[in-house]
Structures are given as C-alpha cells and as structure tokens.
Amino acid sequence: MTASLHDLQRVREASGAPVSACRAALDAAAGHVADAIDLLARQSKAASDVAHPFDGTDWFTGPPLTRTALHAAQQALGFRFPAAYTDLLLIRNGGSTRHGCFAVSRPTSWAPDHIAITGIRGIGGKHGIDIATERAIHADWGYPSWGFVFAETPTAGHTVVMFDYRACGPEGEPCVVWVDTYGDAPEVLPLAQDFTAFVAGLCDAEAFDGRG
C-alpha cells in the first residue's frame with residue numbers, strides 16, 4: 001500500500017526514524033499509524049537488545065509483527081500466548097537461536113541427554129505460525145490439541161516443542177513440553193515450567209556427549 005503524506009509525517013515526527021523506515025513500517029502495519037509507531041519503537045529496542053536468544057541470521061524470522069496481527073493470531077488459535085513469548089515476538093518475529101539444545105533427564109529419540117531445536121517460530125512468514133494451516137498440520141502429524149508448536153526441531157516435524165495448556169487452561173501460563181510422534185501415540189516430555197525457563201535453559205551441543 002502507499003502511505004499518505006500526512007500519515008508518513010505523523011510516524012516520522014513520533015519516531016524520529018528515516019522516511020524509508022517509516023514508509024516500511026506503515027506498509028507492515030497496513031496503514032495503521034499507531035501500529036507503525038509501535039513497530040519502529042520495538043525495532044529500535046531490538047537493535048540494542050542483547051538479551052534475546054536469537055543468532056545473527058534472519059533464518060526463521062518472519063515479517064515485523066504488529067500487536068493487531070498478534071491479537072488476531074491468539075484469537076484464531078484459541079490460546080493466550082505467554083507474556084514472555086509475546087514480548088519476544090514483538091521485538092523480533094521468530095528466529096534461529098544462538099543455543100539450540102536443552103537438557104533432559106532421560107533418553108529421547110534424538111539423544112540420551114538432550115533435545116535440539118532449529119528455531120523459535122513467530123507469526124506468519126515462511127517458517128512462522130500460519131493460522132490457515134496450523135490445525136491441519138496438527139492433524140497430519142498427530143500433535144496434541146491442548147497447545148501449539150512454538151519451536152521446531154531438526155527432525156522435520158516428527159518432534160516439536162509445544163506450549164502445554166492442560167493445567168492452566170487457554171488463558172493461563174503454559175508449561176513447555178517436547179512432543180515425539182515417532183510412536184503409535186505422541187510421547188510428551190516436560191521441559192520447563194514456562195517459556196522464560198525454557199529459553200534460559202538453552203545451551204550448546206558441546207555441553208553433551210556430541211550425539212545429535
């Protein structure tokens with residue numbers, strides 16, 4: 001879409017960003033001035049934020065995410081996203097992580113002492129959560145219906161990391177689990193009490209025995 005000069009000027013004055021960045025933000029926000037200003041503020045924060053778990057590539061990173069699109073995704077999936085996950089996606093909409101392994105207490109189909117992820121999913125884009133097909137993917141792979149996949153693994157869909165809303169309900173704070181569909185029924189392995197703990201527990205493969 002083409003932003004009006006008036007809207008472009010409003011975004012420029014509020015954000016102090018270059019005109020080209022303001023125009024791109026308005027395009028990403030479908031012309032909504034408030035969303036564009038919010039998006040630019042988050043992009044500025046991301047540029048100086050070193051606490052997020054992502055690496056320096058853009059693999060797995062979707063288009064800039066507006067609060068309107070985020071709300072629509074939550075409504076469509078039927079789950080309130082964890083606050084820490086929401087905050088992360090609003091800074092950067094998914095991506096590959098600097099550390100890709102998480103320790104577990106028993107052997108899995110991946111390794112004797114850990115599982116691995118390839119990235120944390122955002123909303124939309126090539127690798128993000130696509131609302132139109134998410135339910136079909138769950139049915140095809142046999143993923144449980146009590147949550148949604150937020151991190152993919154190197155096994156091309158046979159294993160995933162999900163938010164588990166069984167104990168808290170769709171509006172609560174879910175725990176994080178690993179789901180393995182290699183068997184006749186999905187195997188569920190608890191990983192962390194919440195998203196923050198999961199991210200904090202990510203580490204390098206060198207911390208283990210080299211398998212996986």
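This is a predicted model: local features need pLDDT of at least 70, side-chain atom pairs count only at pLDDT 80 or more; totals for chains, interfaces and linings use all residues.

Me: Where does Asp 164 sit?

Reply: Asp 164 belongs to strand β5.

Me: Which side chain makes a polar contact with the side chain of Asp 164?

Reply: That of Arg 166, at 2.7 Å.

Me: And what else does Asp 164 touch, not counting residues up to four places away in sequence?

Reply: With those residues left out, Asp 164 touches Trp 146, Pro 174, Cys 175 and Val 177. Trp 146 also involves Arg 166: the charged end of Arg 166 sits over the Trp 146 ring, 4.2 Å from the ring centre.

Me: Next, Asp 180. Is it buried or exposed?

Reply: Asp 180 has a relative accessible area of 4%, so it is buried. Its place is in strand β6, residues 175-180.

Me: Which backbone nitrogen lies 2.8 Å from a polar atom of the Asp 180 side chain?

Reply: The backbone nitrogen of Tyr 182.

Me: What is Asp 180 in contact with, leaving aside neighbours within four places in sequence?

Reply: Ser 109, His 158, Thr 159, Ala 185, Pro 186 and Glu 187 are in contact with Asp 180 on that basis. As for Gln 9, 171 residues away along the chain, its C-alpha atom is separated from that of Asp 180 by 51 Å.

Me: Why does the pair of Phe 150 and Phe 163 count as stacked?

Reply: The ring centres of Phe 150 and Phe 163 are 4.1 Å apart and the planes are at 20°, so the pair is stacked. Stacked applies to planes under 30 degrees apart. Because Phe 150 lies in strand β4 and Phe 163 in strand β5, the pair ties together parts 13 residues apart in sequence. Phe 150 and Phe 163 are also both buried.

Me: Which residues do ring pairs link into a cluster?

Reply: The cluster consists of Phe 79, Phe 81, Tyr 85, Phe 102, Phe 148, Phe 150, Phe 163, Tyr 165, Phe 195 and Phe 198.

Me: On to pockets. What is the volume of the largest pocket?

Reply: The largest pocket has a volume of about 200 Å³. Its lining has 15 residues, of which Arg 121, Ile 137, Trp 141, Tyr 143 and Glu 152 lie nearest the centre.

Me: Which element gives the most to that lining?

Reply: α6 gives the most, with four residues. α6 and β4 each supply at least two residues of the lining.

Me: Since α6 has come up, where is His 138, and is it buried or exposed?

Reply: His 138 lies in helix α6, residues 131-141. Its relative accessibility is 6%, so His 138 counts as buried.

Me: What lies 3.1 Å from a polar atom of the His 138 side chain?

Reply: The backbone oxygen of Pro 144. Leaving aside neighbours within four places in sequence, His 138 is in contact with Tyr 143, Pro 144, Gly 147, Phe 148, Val 149 and Met 162.

Me: Last topic, backbone angles. What is phi of Ala 30?

Reply: Phi of Ala 30 is near 55°, a positive value in a residue other than glycine. Most residues other than glycine have a negative phi. Ala 30 is found in the loop between α2 (19-28) and α3 (33-48), and with a relative accessible area of 53% it is exposed.

Me: And what about phi of Ala 156?

Reply: Ala 156 has a positive phi of about 60° although it is not a glycine. Ala 156 is in the loop between β4 (147-152) and β5 (159-164), and at 63% relative accessibility Ala 156 counts as exposed.

Definitions and conventions:
Residues are numbered from 1 along each chain as its sequence is written. Side-chain values use heavy atoms; hydrogens and water are left out. Buried means under 20% relative accessible area, exposed over 50%, partly exposed in between (1.4 Å probe, protein chains only). A polar contact is a pair of N or O atoms within 3.5 Å; within protein, one must be able to donate a hydrogen and the other to accept it, and residues adjacent in sequence count only if both atoms are side-chain atoms. Contact means heavy atoms within 4.5 Å. Rings of Phe, Tyr and Trp (its six-membered ring) pair if their centres lie within 6.5 Å; planes under 30 degrees apart count as stacked, over 60 as edge-to-face and the rest as tilted. A charge sits over a ring if NZ of Lys or CZ of Arg is within 6 Å of the ring centre and within 35 degrees of the ring normal. On a 1 Å grid over the protein atoms alone, a cavity is a set of points where a 1.4 Å probe fits but cannot get out, and a pocket is an open set with protein on both sides within 12 Å along at least five of seven lines; lining residues have an atom within 4 Å of a point. Grid points are joined across faces, edges and corners, and a volume is the space filled by probe spheres set on the points.
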